[in-house]
Amino acid sequence: EIADVAEEGMMDGLVAEFKPDAIIHLAALVSVQESIDDPDLNLRLNYIATQRVTTAMEAHGVLRVVFASSAAIYGDTTDLPIAEDAPKKPISPYGEAKWNSEEWLHARAAQSGFVARCHRYFNVFGPRQDPASPYSGVISIFDRRYREGNPVTIFGDGQQTRDFISVHDVARANVIAATAPDLSSGSVNVCTGNATSLLDIVNVFATQYPEVPAPNFAEARAGDIIHSLGRSDRAKEQLGFVAEVPVADGLNELIRTG
């Protein structure tokens with residue numbers, strides 16, 4: 001069923017009808033730039049929607065929620081790898097709303113007795129990510145360029161790194177958090193704990209598309225984060241979750257499936 005999570009009363013009606021054991025709350029405004037351009041829409045979709053979910057949970061006795069948070073709550077920290085207790089310094093309304101939603105969920109969980117699991121996703125990639133969307137990750141953009149036979153553009157020297165994690169691993173982490181017995185509330189990074197450079201990504205694509213010209217290099221963009229890497233041990237401790245899909249394998253699947 002298609003519905004607006006942020007619409008008052010909508011979640012209440014759905015939860016009353018379906019009576020779920022847990023809710024995996026992924027709905028969001030996912031564009032950082034759009035959150036800057038339209039902060040009211042960001043507030044509605046990334047914070048008020050979370051309130052609507054918890055209100056419905058409390059009204060109908062749902063005992064667990066898994067929330068899609070983001071590494072954006074950490075901001076531009078250079079203290080790597082980033083642990084869950086690192087300072088929260090979001091630099092966009094998007095990151096701020098994700099952090100506020102986490103705080104809201106943990107406060108309501110403590111008050112009402114449900115379990116809130118907040119997952120701070122790092123750089124998620126995989127099939128069906130829209131390269132034309134404003135939130136497109138660099139991998140989906142590169143994928144489209146290679147499919148079109150066009151060289152990609154790398155801003156900077158390509159040595160910048162990210163903690164890329166396959167959507168398959170992310171989905172598995174969500175299912176564990178929604179179904180594992182005897183979990184308490186908590187927030188964890190959902191990441192691999194491994195740094196992958198843009199040149200590493202390009203090398204995989206170049207192997208699959210040898211006819212595509214070599215990348216173009218452009219001046220680094222002001223404000224771009226050079227390195228991002230998460231600590232993954234807390235997810236292992238609390239969920240028994242360890243990322244299993246190597247970045248190269250995930251990329252090759254993306255290339256095969258289109």
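A crossing is termed left-handed if the near helix is turned anticlockwise from the far one by less than a right angle, and right-handed if clockwise. The model is predicted, with local features requiring pLDDT of at least 70 and side-chain atom pairs pLDDT 80 or more, while totals for chains, interfaces and linings use all residues. Residues are numbered from 1 along each chain as its sequence is written, and side-chain values use heavy atoms, without hydrogens or water.

**View A. Packing of helices α7 and α9.** The crossing of α7 with α9 is right-handed. Helix α7 (residues 198-208) packs against helix α9 (residues 247-257) at about 45°, the axes lying 10 Å apart. The angle makes α7 oblique to α9 (under 35 degrees is roughly parallel, over 145 roughly antiparallel, 65 to 115 roughly perpendicular, the rest oblique).

**View B. Residues of the α7–α9 contact.** Helix α7 contributes I201, V204, F205 and Q208, and α9 contributes V247, A248, L251, N252 and I255 (contact: heavy atoms within 4.5 Å). Of these residues, seven are nonpolar, two polar and none charged.

**View C. The F125–F164 ring pair.** Four aromatic pairs are found in the whole structure (ring centres within 6.5 Å; planes under 30 degrees apart are stacked, over 60 edge-to-face, the rest tilted). The rings of F125 and F164 have centres 6.5 Å apart and planes at 85°, so this pair is edge-to-face. It joins distant parts of the chain, F125 in strand β4 (residues 123-125) and F164 in strand β7 (residues 164-166), 39 residues apart. Both F125 and F164 are buried (under 20% relative accessible area, with a 1.4 Å probe and protein chains only).

**View D. An aromatic cluster.** Y146, F205 and Y209 are linked into a cluster by ring pairs.

Definitions and conventions
Axes fitted to C-alpha atoms, helices over the stretch in contact; angles between N-to-C directions. Helix = DSSP H or I, 4+ residues; strand = E, 2+ residues; numbered from the N terminus. Nonpolar A, V, L, I, M, F, W, Y, C, P; charged D, E, K, R; others polar. Phe/Tyr/Trp six-rings, centres within 6.5 Å; stacked < 30°, edge-to-face > 60°. Buried < 20%, exposed > 50% of the residue type's maximum accessible area, 1.4 Å probe, protein only.
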